[in-house]
Amino acid sequence: MIPYPRLALLAGIAFAIGLSWAPLNPYLYDIAVGIGISIILAVSLNLVNGHTGQFSLGHAGFMAVGGYSSAAITNLVAPHFLGSSTSAVLHSLAFLSALLAGGFGAALAGLLVGVPSLRLKGDYLAIVTLGFGEIIRVVLQNTEVVGASRGWSIASGYAKTVNGYATIVPYTNLAWTFALAAITVYVVTSLVSSTYGRGFLTVRDDEVAAEAMGINTTRFKVTAFVVGAFFAGIAGGLYAHFKQYLNPSGFDFMLSVSAVVMVILGGMGSTAGVILAAAILTMLPEWLRSVAGYAWLPPWLREIAKNRMILYSLLLIVLMLTRPQGLFGDVNATRRAVPGRLRRKA
Amino acid sequence: MARNIITLIAATVCASLSTWNLMAQEELKVGEFASLTGGSASFGQSSHKGTALAIDEINNAGGLLGKKVKLITEDDQSQAGQPATIVRKLISGDKVVAVLGEVASSKSLEAAPICQQNKIPMISPASTNPKVTEVGDYVFRVCFIDPFQGTVMAKFAAGKGWKKVAVLTDVKQDYSVGLAQFFKEGVSKGGGEIVKEQSYSTGDKDFKAQLTSIKATKPEAIFVPGYYAEVALIARQARQLGIKAPLLGGDGWVGESLLPVGGAALDGCFFSCHFSADDEAPVVQDFVKKFRAKYNGTPDDMAALGYDSAMILADAIKRADGTDSAKLRDAIAATKDYPAVTGKITLNEQRNATKSAVILGIESGKFKFVESVAP
Amino acid sequence: MIEFLQQVINGLSLGAIYALIALGYTMIYGVLRFVNFAHGDVFMVGSYAGFYLAPLLIAGLAAEGAAKPPWTPPFAKNSLAGAICVLVAAMLICAALGIIIEKLAYRPLRSRPRLTVLITAIGVSIFLEYTGQFVFGVDPRYFPEILETHTVGNFPTERWHFLNLDDLGLAVTNVQLIVFVVTLLLLFALRIVVLNTRMGMAMRALSSNPTACSLMGVNNDVVVSFTFGLGSALAAAGGILYALMYPSIDPLMGVLVGLKAFVAAVLGGIGNIPGAALGGMLIGVVETMVVGYGEHIGIASSYRDGVAFAILILILLVKPTGLFGKSEREKV
């Protein structure tokens, strides 16, 4: 757990605002924003998968709902209020409301998934969430208002003068991204370490015992889903307003798997580890990109470096075999996470 | 703890920052982004081969402006989200003078705003969706657009006397949906009738349900504006169900596995595309010869368009006599009657290529040139 | 009416494929209580095994421009024996693959929580898919016609028939019939193995209590290996028949089919062998009907891929044990 969470939050936000002056070229800027978004995604998934011990494979679906809901506000609603205003304050407000709409849209979807999921456990739950994620993608693909398979462009942004010419820069920047990442980390850690939040851990550690103690496990599971989905939706909103283009095919099963890999690599339930894992796994493909360009490496190795999914999968398997608690996970926490009756079963 | 980690991330980011400034500048760098792996890799690989061939040829002829041209190719793994990152890398990391790519319109749509914001010209070889070049005045393409292609096939169907037409669309592909839309408009204008609309998704293998319901409406032709992998199976299953109507399609049909999988089921079908390797024009035969020598295979549409995109860029750099981005943009925009492999290319005010489409038919397992349709 | 009958036939033949793959899923689940996520990818490897083996075993299949096999293939073109030989060889290869996967990836985790194994299985699945893209290439490949496809005019045979399909205007291919027959045969064979053999008894014992099972002198490792081998062989059979029906194969072909087969297994009550077969048929028919008639009730045919998942969610909500599954009481 993180000591002095409020202090850490303030430091995080200050860091985020400071980061916006960092002399990053657009490529590194892109990666940095990607890291921030991944952190939000992974930390929120960690609430569901790590702290509450459920297994969701549909996080990409929530992110998609968030991305599309926030884009709907920016594309369809905001123009009526903003008109031709170039005020940064007004635009920031519009962006904030778009992000919140994304968050609440996704939270609603989380509620829809969470309620039926109460009856399911483990692998069934994993498949159902996967199914929900796919259904969301199929629906988006068939909805003409949001561009269907053509994708949806988001043209709004801050008016700015760059190198002497006026241009529109995306709403999402490093300050927004990392401030929201800090808030996500703060909310999730405070929630889990609060007296109320111990309930999440009891659901994970032993559901039957928790219920016997009078804990409403159902409620904790749904809460975890809703809060997790809310932040996934925020991540989706940030993503939408950074790439300024959404396509349903971008929110597929593989994105959910990437988020799961971050949580597992970081160690289920370890917030700090998950943050680090999100950062590493976002930078890894870019690093592999340069590895694939090294002429002195044997060609087959460069080919494999180009195919990052092979490496991801090997990482998953080897990690599960050797360190199922993740690289930075707390061994004891994981042992606690495994109720004896499951440990005995084949 | 969280603070420590964020500081650590910042340190890592800054460390990787420093490596970028050591790039040498004696070469002329051209960026390319393509799907070299993943779902649409076969198109990406093809167009990349064409582009690479063009750059080789330019360098063998002494390069441009006295410098060698270096093609920097990045793979977007057919994934949404990747093109934006890659193009930012190409522009700010590698400092390329122009960007070539992509085949899929959805990928080009993602990269185009970034090229526009950075005022770096981008030439797409084969993105046929009208929206791509609408992004801004730095975005060009060397292919025709969906409205033209859809209309060409609608007119072709009308010319053959096929009035009752069914449409089978791939809803997962913007390309297919767009083409179907313009085809339907064309058919209605030509006095024909769309008797049935059905759809599928990329990766499906079973189309019997769609085809059975199409069969019940007794169409005279079926328009299938999808990609070759599915089209071949659709043709087989249509014949198995006893549907005799010919299938019509667009440039997505061109692919290595179309004929082996489709076999005899495709006989009598027609599709529009950008070029035919059997075209006897010297510029085409010359290209085919060079392509064979380098890759030991016959070039397809995507390879020809990839080649053309690089050649048009090279031509513009020569005319602009420099790589100043505004001048280069103007030079590309001024491209007129360039004798490209895929036909004479003139870029219009919407920065789209106006050129003719080729209609190919399939007869006993071979492509056969039918006609060339001028815009 | 004829259109409707044709759609039913289409649905059943699609469902037979789902059923075939669901059999393997349900068996592995029934014995080991875990979802072998990689099952759909073993299915893919099965079709590629057939793709590479067929030209070596059957004459006249080597694709144009491809290297001729170094020996004369022992079987003539379009011979049933040749097709069976390819099928059996592919099944053996996949059985070996399944046993190896189990040994390397799942066995060390047997005492760990089920989620750990599930995550590993997802890892194995992605590994097979992308290594497949790397080794076999991303482009779809044409699966050679190890048996020629033709439409069947009379049913059941040309000489003795009571139905003339041509006159009715129904289209049925020989491959559709073969898939149907093979699915039924494998279903019965599997039931016999599970119910009437010593190994089957050991499998059932292992499934109900692994510890007690090993105390009774059963070598659990052998039983698990056998289960995986059998399940993977079934996947390979599915892969070959699928490729015969839809002769365009690619490394990601197993993803969606695998998921739908899983849904079929859950629908029938996971662990229940005839239930899986029936579940597969049901999903095939429902999917086909949605495409064929969905527009009348406001569902576009493009929602087809969502249908299987919607069924899954519905069944888990209404009857989580599936149509024929037995509920299991959780012991504390």
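Helices α1(C) and α11(C) cross each other in a right-handed way; keep in mind as you look that this is a predicted model. Two packed helices are described by the angle between their axes and the distance between the axes. Here helix α1 spans residues 2-32 of chain C and helix α11 covers residues 273-293 of chain C; their angle is about 145° and their axes are 6 Å apart. Sorted by class, the residues in the contact of α1(C) with α11(C) are 18 nonpolar, 10 polar and 1 charged.

Staying with chain C, turn to the place where it touches chain A. Chain C brings 41 residues to this contact, and chain A brings 36 residues. On the chain C side, α4 (114-136) and α12 (304-318) each supply at least two residues. Of the elements there, α4(C) gives the most, with 14 residues. The residues on this side of chain C comprise 28 nonpolar, 7 polar and 6 charged.

Leu246(A) sits in strand β4, which runs over residues 245-246 of chain A. Is Leu246(A) buried or exposed? Leu246(A) counts as buried because it has 26 C-beta neighbours inside 10 Å, and 20 or more are needed for that label. Apart from neighbours within four places in sequence, the residues in contact with Leu246(A) are Gly67(A), Tyr68(A), Ala71(A), Gly151(A), Trp152(A) and Ala240(A). Take Ala71(A) from that list: although Leu246(A) and Ala71(A) are 175 residues apart along the chain, 8.6 Å separates their C-alpha atoms.

Finally, move over to chain B and look for a pair of strands. Strand β1 (residues 28-34) of chain B and strand β2 (residues 69-75) of chain B run parallel and are joined by 7 bridges. How does the chain get from β1(B) to β2(B)? The path goes through helix α2 (residues 41-60) of chain B, making a β-α-β crossover that is right-handed. Within the strand pair, Glu32(B) has Thr73(B) of β2(B) opposite it.

Technical notes. Residues numbered from 1 in each chain as written. Chains lettered and ligands numbered in written order. Predicted model: local features only at pLDDT ≥ 70, side-chain atom pairs only at ≥ 80, totals over all residues. Pairing = 2+ DSSP bridges. Helix = DSSP H or I, 4+ residues; strand = E, 2+ residues; numbered from the N terminus. Right-handed = clockwise from strand over helix to strand, strands pointing away. Contact = placed C-beta atoms within 7 Å. Nonpolar A, V, L, I, M, F, W, Y, C, P; charged D, E, K, R; others polar. Axes fitted to C-alpha atoms, helices over the stretch in contact; angles between N-to-C directions. Left-handed = near helix turned anticlockwise from the far one by under 90°. Buried ≥ 20, exposed ≤ 12 C-beta atoms within 10 Å, placed from the backbone.
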